Amino acid sequence: MLKMIAALLLLPALLPAQGVKTLSAPETKGQYAARTFTAFMQGGVFTFTAANTHTRLYQGYVKNVNLLGERLKELSAAGKADSPEYAELNRRFGWEFNGMRLHEVYFAQFGAAPLAAKSPLREALARQYGSYEAWEKDFLALPAARGIGWAALVYDRQAGRFHNVWLEQHDGGFPAGAEPLLVLDLFEHAFLQDFQLDKPRYVKAVWAALNWAVVEKRFAGR
Ligand SMILES: [Fe+2]
């Protein structure tokens with residue numbers, strides 16, 4: 001039993017993404033399907049090798065979300081929902097799920113389209129932070145944090161407020177119910193291959209390649 005739990009906790013390493021079928025539908029027969037992200041792959045920020053490696057890591061998260069979901073279902077059906085294995089896999093689920101979803105948010109926001117001067121998002125950020133530039137300065141301070149995780153602009157739609165937050169790994173510190181509008185992958189795998197240790201240069205390159213129309217749509221709830 002303990003061996004099985006240990007093996008499942010190492011899923012990303014144990015379950016390489018080779019052979020994961022890439023589908024355009026977000027979900028097929030109750031299983032999540034890996035999506036394709038052309039602008040990320042071909043946007044010129046990353047070499048093909050680096051972008052492909054990153055995509056395969058993402059596909060591994062999709063695969064593991066499906067695997068965990070299936071295993072939890074099996075254990076529950078077998079009356080083992082009170083087992084240590086069930087508890088550990090359940091504990092792991094949010095990490096894998098957010099790993100999948102945050103990569104989708106990140107990959108989909110490439111495309112180099114500027115934020116319009118009169119955009120509702122720009123205006124809302126300016127209202128809360130004093131100016132768009134003040135928000136940007138605050139957000140771009142996040143990547144300086146050491147460690148692996150994400151810088152995220154999230155929107156608390158219930159209160160109509162933005163938050164710039166650091167997400168520890170994929171799931172630590174995620175404000176409940178908040179919607180990720182814009183995220184920066186700050187795991188080393190996101191930049192090491194093309195930018196080595198020059199994280200500021202990586203952030204600058206991603207920032208210049210953002211598709212703000214996508215971010216604006218998220219803010220509009222579409
Ligand atoms: Fe990543």
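Predicted model: local features only at pLDDT ≥ 70, side-chain atom pairs only at ≥ 80, totals over all residues.
Residues are numbered from 1 along each chain as its sequence is written.

**Exercise 1.** Work out how the axes of helices H6 and H7 cross, and which residues make the contact.

*Solution.* Start with the elements: helices (H or I, at least four residues) and strands (E, at least two) are DSSP runs, numbered from the N terminus. H6 spans residues 120–129 and H7 spans residues 132–139; their axes come within 7 Å and cross at roughly 80°. The axes are lines fitted to C-alpha atoms, for helices over the stretch in contact, with angles from 0 to 180 degrees between N-to-C directions. H6 is therefore roughly perpendicular to H7 (65 to 115 degrees). Next, list the contact residues (C-beta atoms, placed from the backbone, within 7 Å): H6 gives Arg-122, Leu-125, Ala-126 and Tyr-129, while H7 gives Tyr-132, Ala-134, Trp-135 and Asp-138.

**Exercise 2.** Find the buried residues of helix H9 and the elements that they pack against.

*Solution.* Apply the cut-off first: a buried residue has 20 or more other C-beta atoms within 10 Å of its own, with C-beta atoms placed from the backbone. In H9 (residues 199–208), Tyr-202, Val-203 and Val-206 pass. They cover an arc of only 95° around the axis, so they sit on the same side of H9; the arc is that of the directions from the helix axis to the C-beta atoms. Finally, look for partners: these buried residues pack against strand S5 (179–185) and helix H8 (192–195). For context, 27% of the chain's 222 residues count as buried.

Definitions and conventions: Parallel < 35°, antiparallel > 145°, perpendicular 65-115°, else oblique. Contact = placed C-beta atoms within 7 Å. Buried ≥ 20, exposed ≤ 12 C-beta atoms within 10 Å, placed from the backbone.
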